[in-house]
Amino acid sequence: MILLIEQKVKPPRLIAWELTNACNLACIHCRASAIKEPQPGELTTAEAKHFVDELVEYKPIIILTGGEPLLRTDIYEVAQYIKGKGMRAVLATNGTLLTPEIARKLKDAGIQRVSISIDGATREMHDVFRGEPGAFEASLRAIDILKKEGLGFQINTTITQRNLKEIPQIYDLAIELKASALHIFLLVPTGRGEEIESEEIPPEEYERVLNWFYDKSKDKRMQLKATCAPHYFRIMRQRAKAEGIRVTPETHGLEAMTKGCLGGSAFCFVSSKGDVYPCGYLPALAGNIKQKPFKMIWEKSKVFCDLRDPGLLKGKCGLCEYKNVCGGCRARAYAGTGDYLEEEPYCVYEPGGK
């Protein structure tokens, strides 16, 4: 007799929670196609707290994002509730609305780190991305406020052909500002990002940028993380092997203990209306927390179960010897083919098994 033993599903380590779709800016690459006013049907405060209650057994880090989360009037109450339940909340903001009073209230509510988006090393480049004159100065002012308040901050940067040449200068700026981390995001053409799909950097540039990023990772003044660029985890291992180094937490920090695409296996995105997706760039609906318990969605939904099984990957991703540490960008595969299990279209690597 063969006994089938169901494997225990690992808990989510990170959840990005879109508190509101409303935003004061109209960024050209916005995943959410955010608008000025909140849409009908956003989670009420009571529904938000109920969702937090559902997460207690998992204890993930919760990223409060948007839109612009500071436009959600109950953000401090929600953050305080998360803190009271023994979980960690961080905030992702464009920074333009931040004031000393808001920073103090965020800190008192338990926010431990704030990410500020900087998409250009110059005023001209950043303001074009953000669609608002003065956005660059406002973001730098926000960083100064956070530093004075003693709140940790990181810089998030989306890379396109438009700002590609400024990435080294953005890195230098992050060092100069004493950021805790720099997270780079490789453009995925969803939301308003579809309108600048032609500005995605070509696959060869992905390789070059991620190799440059690997070189910079050896500078321990600031933590670096590549997001929506799972091939980095292949490149990291290829480079380490060439250097005669084993990838371990001692040699490569937290990057040695994680993998490329985390959607559905360690990460998910929850919209302002309660829809649950593998990530904010992959619109493959797993369920809605107003209709089903989050536990059921996380552990049983088809899309999440599919994404947890690298054996289901198609094309060269399915043949690749790095599929367990890379996995390819499932959102980019979906955007290009309509199938989140298809091969990553922006990877130049030819697997050894092909």
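**A tour of the sheet and its helices**

Select Thr158: Thr158 stands opposite Phe185 in β6. The model is predicted, so local features need pLDDT of at least 70, side-chain atom pairs count only at pLDDT 80 or more, and totals for chains, interfaces and linings use all residues. Residues are numbered from 1 along each chain as its sequence is written, and side-chain values use heavy atoms, leaving out hydrogens and water.

Now select residues 152-159 and 181-186. These are strands β5 and β6, paired in the parallel sense over 6 bridges. Strands (E, at least two) and helices (H or I, at least four residues) are DSSP runs, numbered from the N terminus. Two strands pair if DSSP finds at least two bridges between them.

Show the whole sheet. It is open and mixed, with 10 strands in the order β7-β6-β5-β4-β3-β2-β1-β8-β9-β10. At the edges are β7 (223-227) and β10 (287-288), each pairing on one side only.

Next, select helices α4 (residues 123-130) and α5 (residues 135-149). They pack at an angle of about 100°, with axes 7 Å apart. Axes are lines fitted to C-alpha atoms, for helices over the stretch in contact, and angles run from 0 to 180 degrees between N-to-C directions. Contact means heavy atoms within 4.5 Å. From α4, Arg123, His126, Asp127 and Arg130 make the contact; from α5, Ala135, Phe136, Glu137 and Ser139 do.

Stay on α5. Helix α5 lies across β4 (111-117) and β5, at about 160° to β4.

Last stop: Arg208, in helix α7 (residues 203-216). Its side chain makes a polar contact with the side chain of Glu205 (2.8 Å). A polar contact is a pair of N or O atoms within 3.5 Å; within protein, one must be able to donate a hydrogen and the other to accept it, and residues adjacent in sequence count only if both atoms are side-chain atoms.
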